[in-house]
Amino acid sequence: MPKIAPDLLTLRLQTPSAWTQTVLTDFNVFLNDHAQAEKKASGMAMSMLSHYPDKPELVREMVELSIEELAHFREVIKLMQARGLQLGSDEKDPYVNQIRQHIAKGDSQMYLLDRLLTGAIIEARGCERFGLIGEAHPEPELKEFYQRIAESEAKHHLLFIDLAELYIDHKKVEQRLDWWLDIEADIIQNLPLRAALH
């Protein structure tokens, strides 16, 4: 089976350095958003396996992913509590909400493909941004933590691509991924900077 070339997974728009500075300036707010993002990622994986119980490979991988994302949630909560912070309210994520507006409806195969590809792109963006924090954070503990989280996210986005190629024709996956990368770049370009993952 042909594989998506690594360069085709490259995000079309890099996060500006101003985003990193925005996060570091209000890092306590970012930590709450990060915790919420990990919780939502675990829930998304559970939703996927519930929606596709007839796909054993997907079920197996989503079980593992949900557990790993929940473990990340636990780690972020520990970091927050060490800083005297409590988990705050769960706000809507404008980035994810805008991505969801473009997911195909009505065609079950395209819906599955879009859910997998948006999962891949969201994880790829998370990987990029966690890596930026890992490079820039002045505290050694948090620098190491975010470098490790970035490595984990890198594996996650490849997992979603592999699952897409398991169930759907390679050419269709490649073409749709190309389309999604343009959509994601446009969304990112028009979002205001804030102390949040997206």
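Colleague: What relative accessible area does glutamate 75 have, and is glutamate 75 buried, partly exposed or exposed?

Modeller: Glutamate 75 has a relative accessible area of 23%, so it counts as partly exposed (buried is under 20% relative accessible area, exposed is over 50% and partly exposed is in between, with a 1.4 Å probe and protein chains only). Before going further, some ground rules: this is a predicted model, where local features need pLDDT of at least 70, side-chain atom pairs count only at pLDDT 80 or more, and totals for chains, interfaces and linings use all residues. Residues are numbered from 1 along each chain as its sequence is written, and side-chain values use heavy atoms, with hydrogens and water left out.

Now for what glutamate 75 does with its side chain. Side chains of opposite charge can pair when their charged atoms come close. Glutamate 75 pairs with arginine 148 in a salt bridge, with 3.0 Å between the closest N and O atoms (a salt bridge here is a side-chain nitrogen of Lys or Arg within 4 Å of a carboxyl oxygen of Asp or Glu). Glutamate 75 sits in helix 3 (residues 56-82) and arginine 148 in helix 6 (residues 140-167), so the bridge ties together parts that are 73 residues apart in sequence. Helices are DSSP runs of H or I with at least four residues, strands are runs of E with at least two, and the numbering goes from the N terminus. Arginine 148 is partly exposed too, at 35% relative accessibility.

Helix 3 and helix 6 meet at an angle of about 165°, with 11 Å between their axes (the axes are lines fitted to C-alpha atoms, for helices over the stretch in contact, and the angles run from 0 to 180 degrees between N-to-C directions). That makes helix 3 and helix 6 roughly antiparallel; the label is for angles over 145 degrees, with under 35 counting as roughly parallel, 65 to 115 as roughly perpendicular and the rest as oblique. Helix 3 passes helix 6 in a left-handed crossing, where left-handed means the near helix is turned anticlockwise from the far one by less than a right angle, and right-handed means clockwise. By class, the contact of helix 3 with helix 6 has 14 nonpolar, three polar and eight charged residues. Contact means heavy atoms within 4.5 Å; Ala, Val, Leu, Ile, Met, Phe, Trp, Tyr, Cys and Pro count as nonpolar, Asp, Glu, Lys and Arg as charged, and the others, Gly among them, as polar.

Glutamate 139 forms a salt bridge with arginine 83, at 3.5 Å between the closest N and O atoms. Arginine 83 is in the loop between helix 3 and helix 4 (94-100), and glutamate 139 in the loop between helix 5 (108-136) and helix 6, so this pair ties together parts 56 residues apart in sequence. Glutamate 139 is partly exposed at 32%, and arginine 83 is partly exposed at 33%.

Zooming out, the whole structure has 12 salt bridges. One of them joins aspartate 178 and arginine 12, at 2.7 Å from N to O. Aspartate 178 is partly exposed at 37%, and arginine 12 is partly exposed at 37%. Asp182 joins in as well: Arg12, Asp178 and Asp182 are linked in a network of salt bridges.

For other helix packing, take helix 5. Helix 2 (residues 27-51) packs on helix 5 at about 155°, axes 12 Å apart, so the two are roughly antiparallel. Their crossing is left-handed. Helix 1 and helix 5 pack at about 65°, with axes 10 Å apart, and therefore count as roughly perpendicular. The crossing of helix 1 with helix 5 is right-handed. Trp19, Thr20, Val23 and Leu24 of helix 1 touch Arg129, Leu132, Ile133 and Ala136 of helix 5. That contact splits into six nonpolar, one polar and one charged residues.
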